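Please keep the sequence and the coordinates at hand while reading.

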Amino acid sequence: MAATKDPRPCSIADTLALVGEKYSLLVLREVLLGNGRFDQLVRNTGAPRDVLAARLKRLVEGGILTKRKYSERPQRFEYRATAAGLELDPVLMALMAWGDRHLRTEGDRPMVIEHDCGHELTAVVTCSACGGELRPGDRKPHPQAPGWTVAGPAAA
C-alpha cells in the first residue's frame, strides 16, 4: 500500500469535526426538543457555561443552529436548528435507539418520541431505490476519494 500521512477522506469524520465534541449533540437534542435558551441548555445538558458557550458558537458558525435575540435587557438569545441542523434529527434518533437497546434495561428508556400520528418513531435506514431496510451484510462500499480503496490507500 502507498504510504500516506493523511487519514481516509470521510464525511463521518468531517461531520464529527463539527458536532462530535462533548455536549454538541446534546445541545442539538435540546434545541430540537424546543429548549433553545441558554439557561435551559445548561440545565438539560449539564454542560459548564463556558463549554456550552463555545459549543453554541461552533454550531452557529457551522450552520447547524441560528441565534436569535429574545431580550434586550438583559441581552439574551435563543437557538434554533437550521435546515442542516434539522437533518441531524434522524442521527439523534438512531443514537437514542442504539442507546435504548444496548445501554438501558427493558422499561428504563428515558424518552420516547412519537410521530404526529401518535405512534412511536423508529430510526431505520432504507435503500433510496427499493425501500429495503439495511441489515448486516447488505451494503457494499464504493470509495469515491481518489487513491483510496475500502482497505485503505491504493497501492502505488
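At roughly what angle do the axes of helix α2 and helix α3 cross? In this predicted model, the axes of helix α2 (residues 24–32) and helix α3 (residues 38–45) cross at roughly 120° and come within 10 Å.

**Helix α2 with helix α3**
- Angles of 65 to 115 degrees count as roughly perpendicular, and those over 145 as roughly antiparallel; with a crossing of roughly 120°, α2 and α3 are therefore oblique to each other.
- The handedness of the crossing between α2 and α3 is right-handed.
- On the α2 side the contact involves Leu26, Val27, Arg29, Glu30 and Val31, which meet Leu41, Asn44 and Thr45 on the α3 side.
- Sorted by class, the residues in this contact of α2 with α3 are four nonpolar, two polar and two charged.

**Helix α3 with helix α4**
- The axes of α3 and helix α4, the latter spanning residues 49–61, come within 10 Å and cross at roughly 115°, and α3 and α4 are therefore roughly perpendicular to each other.
- The crossing of α3 and α4 is right-handed.
- From α3, the residues Phe38, Asp39, Leu41 and Val42 take part in the contact, while α4 contributes Arg49, Leu52, Ala53 and Leu56.
- By class, the contact of α3 with α4 comprises six nonpolar and two charged residues, with no polar ones.
- Leu41 of α3 is listed in the contact with α2 and also in the contact with α4.

**The β1–β2 hairpin**
- Strand β1 (residues 65–71) pairs with strand β2 (residues 76–81) in the antiparallel sense, over six bridges, and the two strands form a hairpin with four residues between them.
- Leucine 65 has alanine 81 of β2 as its bridge partner, whereas serine 71 stands opposite arginine 76 in β2.

**Backbone details in the loops**
- Proline 74 lies in the loop between β1 and β2, and the peptide bond leading from arginine 73 to proline 74 is cis, with omega near -5°.
- Tyrosine 23, which is located in the loop between α1 (11–19) and α2, has a phi near 85°, a positive value in a residue other than glycine.

**Annotated domain**
- An unreviewed UniProt entry places the feature "domain: HTH hxlR-type" at residues 10–107.
- Over residues 10–107 the chain is 58% helix and 13% strand, and the C-alpha atoms at the ends are 37 Å apart.

Definitions and conventions: Residues are numbered from 1 along each chain as its sequence is written. This is a predicted model: local features need pLDDT of at least 70, side-chain atom pairs count only at pLDDT 80 or more; totals for chains, interfaces and linings use all residues. Side-chain values use heavy atoms; hydrogens and water are left out. Axes are lines fitted to C-alpha atoms, for helices over the stretch in contact, and angles run from 0 to 180 degrees between N-to-C directions. Angles under 35 degrees count as roughly parallel, over 145 as roughly antiparallel, 65 to 115 as roughly perpendicular and the rest as oblique. A crossing is left-handed if the near helix is turned anticlockwise from the far one by less than a right angle, and right-handed if clockwise. Contact means heavy atoms within 4.5 Å. Ala, Val, Leu, Ile, Met, Phe, Trp, Tyr, Cys and Pro count as nonpolar, Asp, Glu, Lys and Arg as charged, and the others, Gly among them, as polar. UniProt positions are given in the numbering used here, feature names are shortened, and annotations may be inferred rather than shown by experiment. Two strands pair if DSSP finds at least two bridges between them.
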